[in-house]
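Please keep the viewer open as you read.

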Amino acid sequence: MPIDLARARAETRACADLVHLNHAGASLMPAPVADALVDWLREEEMTGGYETARRHDGRLENFYDASAKLLNCHRDEIAYVENATRAWDMAFYALDLRPGDRILTAECEYGSNMIAYLHRARRDGCEVAVVPSDQHGQLDVAALEAMIDARTRLISISHIPTGGGLVNPAEAVGAVARKYAIPYLLDACQSVGQMPVDVEKIGCDFLSATGRKYLRGPRGTGLLYVKHRWIAEMDIDPPLLDQHAATLVSETEYRMRGDARRFENWECYFAGKAALGTAIDYALGFGMDAIHQRVTLLADGLRARLAEIPGVTITDQGVDRCGIVTFTKAGEKPVEIRDRCIAKGINISASSGSGSRVGFDRRGLDAVVRASVHYVNDDGDIDRFVEEIRRGE
Ligand SMILES: Cc1ncc(COP(=O)(O)O)c(C=O)c1O
C-alpha cells in the first residue's frame, strides 16, 4: 500500500509551514509520537517518575516488541541505549581485541567509529584497515574478502554514511563475514527507518540505530541489536555493568542478564523509550517497503532536478541510493547555502569534517550540502527547495 501522504502530513504538525529536509539530522516527530512523549513527561511531573513507569510498564516493554518486529529479531536481542554512538560503543568495546588483531572498515565510515578504532589501536594494539571502495563508491566486497586474513577479528561498517546518499552492500558484506566466521558490526544509524533492515538477511552480529533520525522518534534515544548467540553461547562481556545489566548475588559474585539488556543501564530516558516504541509502531503502520519506495522516489527526483541547475554537482555515490541527497554548488559554500535555506524556512544541513573524514579526504571533498528527504515530504517541499537553490544568493 502506498503511503497515505495526506494523513502523514496532517499528523506532522510542522508540515503546515516548514520545509524539513533534515531527516538525516533529526526528523520531525509525528504528532502521536510527540504526544506520547509529552504526556509521559506530564504524568511524571504530576504523579512521579517511578510511578509513571510502573503504571505504563507495557508501553516500555512495547519498545522491545516494536524493535524486534522492525529488525526481524527476538525482543531479547534488543537493548535500549541513549543514542546510536553509545549503542555501537557498547558492542564495539565489548569485543576482545588484542595486539595485532585487525578491524576492517569502509571508506565512508562514521567519524566517531573511526575514533573508537584508533582509540583501541592505541590502547589495545589492534589495527584498523580501510577497505577501498569500488568504481561506484560503495565498499568493494571483493576487496574486503581479499583483505581477510588470520588476524581479522571484526568487520565493522556504516550501512549509510552521514554525508552521502550511498547505501553500502550490507548483505553481501554479511555473506563474507559469515563465510569466514568473523563478527560483523553494522552502524545502521541512517538506514533504520528509511528502508527495510532485516538482521537475519544482513547476517550481522550487532547493529546500532538512533531514534531521532529516520525513525522519527525523540532525541536522546537509540537501540542496539545483539545476536542471541553472543549472549547464550559466548556470554559477551559489556564494557560497563550496573545492577540492571547484572544482579549482585553475593558479596563476591554477580550474574549478567541473559538477554541484550545487559548492554543497558538502569536509569534512562523512560519517556523517550516509550515514545520510540510508538515511533517504530508508527513507521510499521505505513510499512517499511512503502516508506523505502517513497523515499527513493523523492530522493531520485530531487537529485535529477538539482543536477539540472548550473554549477550544481551531485556528490552521492553508490549503486543503491537513499534519502540523503548531497551536492556542491560553485561559488557558494555549503554552510552558506544551509544558512540561507534555513532563513527561508527550509531545513537542510551541511556535512563536513570528522563525521565523513576518511571518505571525504580520499575523494578530495571538503564539505557538501545535505538535503535528506522522508516519506512525509511532498512535491511542494521539493519545489521550494529546488527553487531556492536555483535562485542562488
Ligand atoms: C552513520 C552514522 N552513524 C552514527 C551516527 C551517530 O548517531 P547518534 O548521534 O545517535 O549517536 C550518525 C549521526 O549522524 C551517523 O550518521
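Helix H12 (residues 288-307) lies across E11, E12 and E15 and runs at about 10° to E12. Helix H15 (residues 379-391) also packs on the sheet, where it touches E11, E12 and E15, and its direction makes about 15° with that of E12. Touching, or contact, means heavy atoms within 4.5 Å. The angles run from 0 to 180 degrees between N-to-C directions, with axes as lines fitted to C-alpha atoms, for helices over the stretch in contact. Helices (H or I, at least four residues) and strands (E, at least two) are DSSP runs, numbered from the N terminus.

A word on the source: this is a predicted model, in which local features need pLDDT of at least 70 and side-chain atom pairs count only at pLDDT 80 or more, while totals for chains, interfaces and linings use all residues. Residues are numbered from 1 along each chain as its sequence is written, and side-chain values use heavy atoms, with hydrogens and water left out.

Now to the sheet itself. It is open and has four strands in the order E11-E12-E15-E14, with antiparallel pairing. Strand E11 (312-314) and E14 are the edge strands, each pairing on one side only. From one strand to the next, the twist averages 40°. Two strands count as paired if DSSP finds at least two bridges between them. E11 and strand E12 (residues 324-329) are joined in the antiparallel sense by three bridges, and Val312 stands opposite Lys329 in E12.

Next comes the ligand. The residues around it include Asn83, Tyr110, Ile160, Asp187, Cys189 and Lys213, where being near means that a heavy atom of the residue lies within 4 Å. The table lists polar contacts, that is, pairs of N or O atoms within 3.5 Å.

| Residue | Polar atom | Distance to a ligand oxygen atom |
|---|---|---|
| Ala84 | backbone | 3.1 Å |
| Thr162 | side chain | 2.9 Å |
| Arg212 | side chain | 2.8 Å |

The protein covers 92% of the 390 Å² of accessible area that the ligand has on its own; such areas come from the Shrake-Rupley method with a 1.4 Å probe.

Finally, some loop residues. Most residues other than glycine have a negative phi. Arg216, which is not a glycine, has a positive phi of about 65°. Arg216 sits in the loop between strand E7 (206-210) and strand E8 (222-226) and is buried, at 2% relative accessible area. Asp235 has a positive phi too, near 50°, and its place is the loop between helix H10 (228-232) and strand E9 (246-248). Asp235 is partly exposed, at 44% relative accessibility.

Val197 belongs to the loop between strand E6 (184-187) and helix H9 (199-202) and is buried at 4% relative accessibility. Leaving aside residues up to four places away in sequence, Val197 touches Leu70, Leu71, His159, Ser191, Val192, Ile202 and Leu207.

Key. Polar contact = N/O pair within 3.5 Å; in protein donor to acceptor, adjacent residues only side chain to side chain. Buried < 20%, exposed > 50% of the residue type's maximum accessible area, 1.4 Å probe, protein only.
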